[in-house]
Amino acid sequence: MIYHWQLGTGAQISADNEGAQTVVTLVQASAGQQQRTSNSFTTGIWIAPPHMTLTPTGGILKIITPSGESLIEIQGNSISLQTSHSGTSQSTSSSSSSTFTADTQSMPPMQPMQMGNMQMNMQPMTMRMGDRELTMGATSQQRFCSECGTPVKPTDKFCASCGHKLG
Ligand SMILES: [Zn+2]
């Protein structure tokens with residue numbers, strides 16, 4: 001069963017229920033030409049004849065289905081579905097999906113290991129025993145005082161710790 005309405009804008013609306021689909025066709029006649037717009041919406045099977053409410057810009061088609069009311073708004077040449085749930089309390093709980101992101105960047109930095117007066121750092125690999133410090137790995141540039149073992153800068157001429165003249 002196809003229903004027809006004449007809108008105040010001069011356009012013709014027809015609505016048909018094909019299974020769970022509501023097919024709305026808008027025919028606008030202007031200057032001898034017909035413009036046809038057809039949209040289908042999954043509304044469910046009509047359980048009552050559709051009702052058209054005319055508006056200044058088109059109309060609102062109310063469809064009653066077992067799951068509630070469906071409103072199809074016709075505005076100009078656009079047809080859009082606006083679902084309104086009457087009676088049945090639809091749970092509107094927004095899906096609060098826990099956003100778990102394995103962010104390796106936010107890992108806490110490795111804490112230095114401390115054993116007595118011995119301390120080890122991983123980045124860079126350094127070992128401190130008492131007042132002695134050893135730096136390992138990626139330290140080809142690193143020099144040590146030949147007298148006391150204190151790390152010294154390559155530009156140092158004398159050990160900052162013991163004053164030994166560096167070679
Ligand atoms: Zn020294």
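1. Strand S1, residues 2-6, is hardly covered, since the count of buried residues among its 5 residues is 0; a residue is called buried if 20 or more other C-beta atoms lie within 10 Å of its own, exposed if 12 or fewer, and partly exposed in between, with C-beta atoms placed from the backbone. Strands here are DSSP runs of E, at least two residues long, numbered from the N terminus.

2. This is a predicted model, in which local features need pLDDT of at least 70 and side-chain atom pairs count only at pLDDT 80 or more, while totals for chains, interfaces and linings use all residues. Residues are numbered from 1 along each chain as its sequence is written.

3. S1 pairs with strand S2 (residues 12-18) in the antiparallel sense over 5 bridges, where pairing requires that DSSP find at least two bridges between the strands. Trp 5 has Ile 13 of S2 as its bridge partner, and the hairpin formed by S1 and S2 leaves 5 residues between them, with Gly 10 in the turn at a positive phi of about 95°.

4. The largest nonpolar core has 10 residues, among them Ala 11, Ile 13, Ala 15 and Leu 61; such a core is a set of buried Ala, Val, Leu, Ile, Met, Phe, Trp, Tyr and Cys residues joined through C-beta atoms within 7 Å. At least two residues of this core come from each of S2, S3 (21-30), S6 (58-65) and S7 (68-75).

5. Arg 36, found in strand S4 (residues 33-42), is exposed because 11 other C-beta atoms lie within 10 Å. Arg 36 and Ala 11 are 25 residues apart in sequence and 9.6 Å apart in space, C-alpha to C-alpha.

Definitions and conventions:
Helix = DSSP H or I, 4+ residues; strand = E, 2+ residues; numbered from the N terminus.
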